[in-house]
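Here is a short briefing for a first look. Keep the sequence and the structure side by side as you read.

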Amino acid sequence: MINLLKNFSKKRIVAATAWVALGIVGTIGSASATTFGYSSFGGFLGIGPVNNETGTAAGYPTPVDFSGLQPTRDFYNTDGNTETNVWANLNWGVPVGTPAQQSGATINALAPYTANPGTAADLTGTVVTGGSRAELGFIAHHNQIIGQPFGPAPVTVSYNLWLNDGGTDGNVFKWHGDFQLLFKETANAAPCPDGNPVGTVCDDFFSFSSILGSDPTTFTYAGQNYKVDITGFWSDFAPGGELRGDQRFYSGENGDTLGHVQFSVNAVPEPGSVALLGMGLLGLGAVRRRRQTKVS
């Protein structure tokens, strides 16, 4: 009789745990979606005199030119240091092609691209929690023949993401981080660097390196914890494209190549819920094992 009661109690506990697991999974999976407005902005970090001839593009062929001063709300434009500024455009080298333009890159600026296209616009839009990715920013590599092979060499990009709930821009969340982009200018003749696409004449390329230092990517809103997930590079505008990570983006001469960084906002389960979920899943496993034993 005692053993019978024990077995009955075990069955009740396992079954109850299983139902708790299902309930927790349903609760976590059915968290209501929230729509946030966002602004994302930034540019190349220049360090040096007012004309920023040196910047953070060490190892790039001279002349190195930063242009298109970005809005003053960027971290580096509000730190009080007049020798650190953020710029939309970076150009380098002595042009030898036709038209005679430097190679370069610009942040958040669409074609038609010129050597110094001016200040790029901030990106704005909405993002739904647990939904599709949104466009954080994109880089256009303007590849001209300059006859000065170098790299891959890094340049620092300062970038920001602000979220709002319809109130003041950034009233929900503000994030800042420093990325590194690396550009490679080839000699346009064999031997090409490993991985160069077949049928090209040693295309130049750029890649995404890392976030050097950034604010936390988590925040709390209306009692719910959220995490901002940033990924790149993608091959097209959000929410489309193919994720290439830090792999090379090849650029043919006399052309523009875009690489995209995207983000999503996702709810983070409470630690207690995660622990209960683990217990519940153990219960589900016990139920499965008992059923398999009965079948066998």
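Is G93 buried or exposed? G93 counts as buried because its relative accessibility is 1%; buried means under 20% relative accessible area, exposed over 50%, and partly exposed in between (1.4 Å probe, protein chains only). The model is predicted, so local features need pLDDT of at least 70, side-chain atom pairs count only at pLDDT 80 or more, and totals for chains, interfaces and linings use all residues. Residues are numbered from 1 along each chain as its sequence is written, and side-chain values use heavy atoms, without hydrogens and water.

**Two loop residues**

- G93 sits in the loop between β3 (84–92) and β4 (103–107); strands are DSSP runs (E, at least two residues), numbered from the N terminus.
- The C-alpha atoms of G93 and S103 are 6.6 Å apart, and the two residues are ten residues apart along the chain.
- Leaving aside neighbours within four places in sequence, G93 is in contact (heavy atoms within 4.5 Å) with P61, T62, P63, Q102, I146 and Q148.
- N77 is in the loop between β2 (64–69) and β3.
- N77 counts as buried, at 16% relative accessibility.
- A polar atom of the N77 side chain lies 3.0 Å from the backbone nitrogen of V86.

**Aromatic pairs**

- The whole structure has 22 aromatic pairs; rings of Phe, Tyr and Trp (its six-membered ring) pair if their centres lie within 6.5 Å, with planes under 30 degrees apart stacked, over 60 edge-to-face and the rest tilted.
- W92 and F150 form an edge-to-face pair, 6.0 Å centre to centre with 80° between the planes.
- W92 is in strand β3 and F150 in strand β7, so this pair ties together parts 58 residues apart in sequence.
- W92 is buried at 0% relative accessible area, and F150 is buried at 8%.
- F138 and F237 also pair edge-to-face, at 5.1 Å centre to centre and 75° between the planes.
- F138 lies in strand β6 and F237 in the loop between β11 (224–234) and β12 (249–251), so the pair ties together parts 99 residues apart in sequence.
- F138 counts as buried at 6%, whereas F237 counts as partly exposed at 32%.
- One aromatic cluster includes W92, F150, W175 and F233.

Note on methods
Helix = DSSP H or I, 4+ residues; strand = E, 2+ residues; numbered from the N terminus. Polar contact = N/O pair within 3.5 Å; in protein donor to acceptor, adjacent residues only side chain to side chain.
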